[in-house]
Amino acid sequence: MFRPVSPQVNLPKVEEQALALWRKHDIFRKTEETRRGGPEFVFYEGPPTANGKPGVHHVLARAFKDIFLRYRVMRGYHIIRRGGWDTHGLPVEIEVEKKLGFTSKRQIEAFGVAEFNKLCRQSVFEYIQDWENLTERIAYWVDLENAYVTYHNEYIESVWWILKRFWEDGLIYRGHKVVTYCPRCGTPLADHEVAQGYRETEDPSVYVRLPLKDEPDTALLVWTTTPWTLPANVAVAAHPDVTYVKVRHPLPEGEHEYLIVAQPLLEQVFRDEADKIEVVAEFPGKALKGKRYQPLFTFVPPEKPAHFVVLADFVTTEDGTGLVHMAPAFGADDMEMARKYDLPIINTVKPDGTIVEAVRPWAGMFFKDADPLIIEDLQKRGLMFRAETYTHTYPFCWRCGTPLLYYARPTWYIRTTAKKDRLVALNEQINWVPAHIKHGRFGNWLENNIDWALGRERYWGTPLPVWQCQECGHQHAVGSVAELSEMAGRDLGGLDLHRPYVDEVTLTCPQCGGTMKRVPELIDVWFDSGAMQVAQWHYPFENQEILKTQHPADYVCEAVDQTRGWFYSLHAISTLLFDKPAFKNVVCLGLILDENGYKMSKSRGNIVDPWDVINTHGADALRWYLFTAGPPGESKRFSLNLVGETVRRFSLTLWNVYAFFVTYANLDGWRPRPGEQPAYSELDRWLRSELHALVRDVTAAYEAYDALNATRPVERFVERLSNWYLRRSRRRFWKSEADEDKHAAYSTLYEALVTVAKLIAPAMPFMAEELYQNLVRSVDEGAAESVHLADWPTVDEAAIDEKLNQEMSLVLKLVSLGHAARNKAGIKVRQPLREAAFAVGRAGEQDVVPRHADLLTEELNVKQVRVLSGQGEAVSYSLKPLPKQLGQKYKGLFPKVRQAILALDAEEAAAKLLAGQPIQVEVEGQTYAILPDEVEVRMEAHSGLTVASEGAYLAALDTEITPELRQEGLARDFVRWVQDARKKAGLELSDRIRLFYQAPEEVAAAVEAFREYVMAEVLAVEMTAGAPPEDAFVTEASGGKVTLGLLKA
RNA sequence: GGGCCUGUAGCUCAGUCGGUUAGAGCACUGUGCUGAUAACGCAGGGGUCACUGGUUCGAGUCCAGUCAGGCCCA
């Protein structure tokens, strides 16, 4: 016996049962153990930061990781699925700062770095329970017990080892660069961090006069969106080759002034005043070089010559005035100019974002808050030409939302540019899904590689292991705890490698014997996560053997926003360290959008709780939806309803086929008979052909990391299994004798269900387990304990019959036309008809009708089917030249060939073509033979016939209902009423009955005429015309005209 | 401003090497069927294949440009 299955199902409950089974039998651990010795498949888990609850987008990534790993296990691969946690960095610090109510680094230092970091360490695991619960519930199998943790000393030590290698290769340097800097967090941000924070924002847009020293009443007009940088101005840049003009601009009260701007921007600058101005001079930008102007502010006196015009190619005439204000402390281009022209660097903003003391009126203000006051000041002094606002995108801190500052600071870099060629070359070895990322987003990023800004001036992170001598300035990178101990002259094995403890370790300078102290910086957290490929194994201090088999990864998968995050940090570190790619295959997932098409993110607060979906529809449906919703790389909108559709369309369809099978197999006491070749019917052969073609295609999709084509075709198959195979096979299961045909039907359906269970196991692990346990384990003690420990199904190539598959699609089309014709005629399917005749447009397809006559007659409830013969039938013919075949053959001649074919006598040509013979056409004096498969023959019914047609296909019904047919129809109606009554009476499927009926004369006559048929259909051992006995279940049918009485026999 | 992606029915998506009548599911309406089904069959309404131009005998498909959206970078 199979465990009985109800068609009514609570899928989340079924899933809980599977979870319990996995837990009880430790199935996950066994997926690793039982495959030991198999080929190795290497997977890297991109460590999430567990500083918030996981959302649907996390489920997406975890589902896509899991699906290919489960598939590989079933293929016999051994996989170490080690989890990992990203635990360092600003995200963690900011959570703690929020709790403590801190807003600046000074508060952290006053609070104490040791205590602060202790809180950071604790907060990292605050949400870990949520992650673990969700991970288990969505069936993402990953080893969280032995997960790597980026804050562990061993992990940090490995990171140090990498950094020392880079140091020794001369890849780490301290440079002065204008960085994107968060004044609130007090640290520069890496480019990939900056990238996450671009927002549309409104800024001032000001046009300012800079009066020339040597030309009275004349001023340079500059444009800026950052008035706060004006006190740091040291020069103005003009493009050497752009044409500039000096214009006379009228002022109120009859006065006027002269302004200099770029000629192409003239109208844009003066707008409605354009007709009032007068160009008095025109000259190239070069001519402006060296012209001195009066500084706007004099708070900070420059220590070098300043306030004159310089020339630069980066000046554009897209917007502004063509004259660019230069503040080297606050812009990369500006800093470049400062170097070139030896300009002074005036820094008017402190690292905490406040204005320096020297700028007295606004000292201590947050830099951006000074904008309106500076504008006001310039207006009062008549230096403001125009002040308005301007909407553009500007970077904000991705964590705290503070506007970022372009700010000149010393910091540490990794010279990735030195290995740019290798970064690009090794990318060629990586298989990207979707493919365009390889040379698109990722490839372009590598081509335009800039050095990796490594340093972070923060507290909770991996310390940069560089010590500097206080005496001679010598720098040394430490690559292990042992080295640290040795240089410190004491055993530091128990030292917490975090700040502040590591900062307290002083070393002896190998050059001068002086005292060395660690530099204050931490490293970028992206370096932490990118280092997991070696640091998760505490390599090279341990596990040197393991690393040989665990690098590079066969597969990684994250959302597309990781292209410049984790994917890059993995790739860059592996390239610099091993000159090898870090991963061979990578799936980049699109973003999950909310119902309104917005990105789901914590900062937006529009995260859909995955638990809602799981509790309503189950994790399988959620997973299946994510796999089938569209190409993985594209963003998808997400809602509860879309997942619900998956349940109705696929899960329940499959479930009901399963429930049907179990119900009837139990009634018949059926068991699979392994090794025996059943007497398959044509329909069985077709289903097996489709099934094995499915196995073939799905397998290929899994091999190609194509989740979409690993899942969607299964839906299509199950749909056909349910709505064609089962529908047409039902009677085979119902019939009472247990013959070979019945066995073949069971065998076929069983094979289909078991195979589907395995095919969906990677994607829908719970449903697959339920089917497998009940269908396989219950009858085969020796079978693998779980579907996830079972072997992947093999393709029986011999079972695949592509011709049969095509024929069956044609049968389905003809059936559909037959139903349509019935619909037109208004004759219900239960009423048998004498004949259906079909037209098929191509010679080769004609024999489909006789070959599948059984299916067609049963489905359409007709006594016979045939092909329309043509001559003498009530149809006319037309020819449709097929452009695909003829166009490719005749190219430019096609239109004329087409005309020639259409000009032929259709009757005559059709007869030849349907007989498989070519026809001749003449075009431009040449004769061409047109082959039968180059023309479609269409038949149209003359009026009066009940037909339905589509393209070359047509179904015609003989709608005459003879008395015999009518009687048979009534008998079938009667059967239907009795079945309904059985159901109402609450009888079991297999219960035999004694049947009593009272019906009008015509019905009674039909029932008696088909007495044997009726009794067999309704499982009646006795059928009596007359009043039912007292104790019978009595009901009425046919609007009260028929009374039925049932007694369980 | 640059790079990448997307634009097909009310919604979610297919659409092969370019082939002349562009499909499916959901939703809606009608109708039929049902002792597996939360179903299913059939029919109907619903399309400027974002737009413009080009290549071609033929363009949803290829090319160029434009527009809109998304992501990434300036």
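**Figure 1. Pro 434 is located in the loop that connects β17 (431-433) with α14 (436-439).** The peptide bond between Val 433 and Pro 434 is cis, its omega being about 0°. A further cis bond runs from Tyr 539 to Pro 540, again with omega near 0°; Pro 540 belongs to the loop between α18 (532-535) and α19 (544-549). Helices (H or I, at least four residues) and strands (E, at least two) are DSSP runs, numbered from the N terminus. The model is predicted, so that local features need pLDDT of at least 70 and side-chain atom pairs count only at pLDDT 80 or more, whereas totals for chains, interfaces and linings use all residues. Residues are numbered from 1 along each chain as its sequence is written, chains are lettered from A and ligands numbered from 1 in the order in which they are written, and side-chain values use heavy atoms, with hydrogens and water left out.

**Figure 2. Helices α8 (residues 153-168) and α20 (residues 566-578) pack at about 60°.** Two packed helices are described by the angle between their axes and the distance between the axes. For α8 and α20, the axes lie 10 Å apart. The angle makes α8 oblique to α20. Axes are lines fitted to C-alpha atoms, for helices over the stretch in contact, and angles run from 0 to 180 degrees between N-to-C directions. Angles under 35 degrees count as roughly parallel, over 145 as roughly antiparallel, 65 to 115 as roughly perpendicular, and the rest as oblique. The α8 and α20 crossing is left-handed (the near helix is turned anticlockwise from the far one by less than a right angle; clockwise would be right-handed). Trp 161, Ile 162, Arg 165 and Phe 166 of α8 form the contact with Ile 573, Leu 576 and Leu 577 of α20 (contact means heavy atoms within 4.5 Å). The contact of α8 with α20 comprises six nonpolar, no polar and one charged residues. Ala, Val, Leu, Ile, Met, Phe, Trp, Tyr, Cys and Pro count as nonpolar, Asp, Glu, Lys and Arg as charged, and the others, Gly among them, as polar.

**Figure 3. Helix α13 (residues 420-427) packs on α20 at an angle of about 115°.** The separation of the two axes is 10 Å. Helices α13 and α20 are therefore roughly perpendicular to each other, and the crossing of α13 and α20 is right-handed. On α13, Arg 422, Leu 423, Leu 426 and Asn 427 meet His 571, Ala 572 and Thr 575 of α20. Three nonpolar, three polar and one charged residues make up the contact of α13 with α20.

**Figure 4. The largest nonpolar core contains 148 residues.** A nonpolar core is a set of buried Ala, Val, Leu, Ile, Met, Phe, Trp, Tyr and Cys residues joined through side-chain atoms within 4.5 Å; buried means under 20% relative accessible area, exposed over 50%, and partly exposed in between (1.4 Å probe, protein chains only). Within this core, Phe 64, Tyr 555, Phe 661, Leu 749, Ile 760 and Leu 775 touch the most other members. Helix α23 (residues 640-668) supplies the largest share of the core, 13 residues. With residues up to four places away in sequence not counted, Phe 661 touches Phe 2, Trp 670, Tyr 746, Leu 749, Tyr 750, Leu 753 and Leu 775. A second, separate core has 72 residues, including Trp 228, Val 247, Val 261 and Leu 288.

**Figure 5. Val 657 forms part of helix α23.** Val 657 counts as buried because its relative accessibility is 1%. Beyond neighbours within four places in sequence, Val 657 contacts Leu 721, Ser 722, Leu 726, Leu 749 and Leu 753. The C-alpha to C-alpha distance from Val 657 to Glu 719 is 9.9 Å, with the two residues 62 residues apart in sequence.

**Figure 6. Glu 457 occupies the loop between β19 (455-456) and β20 (466-469).** With a relative accessible area of 18%, Glu 457 is buried. Apart from neighbours within four places in sequence, Glu 457 is in contact with Lys 105, Gly 186, Thr 187, Pro 188, Arg 409 and Glu 521. Glu 457 and Leu 522 are 65 residues apart along the chain, and their C-alpha atoms are separated by 6.2 Å.

**Figure 7. Lys 891 and Glu 924 are non-glycine residues with positive phi.** Phi of Lys 891 is about 45°; this residue lies in the loop between α31 (883-890) and α32 (894-903) and, at 60% relative accessibility, counts as exposed. Phi of Glu 924 is near 50°. Glu 924 lies in the loop between β32 (919-923) and β33 (926-930) and counts as exposed at 58% relative accessibility.
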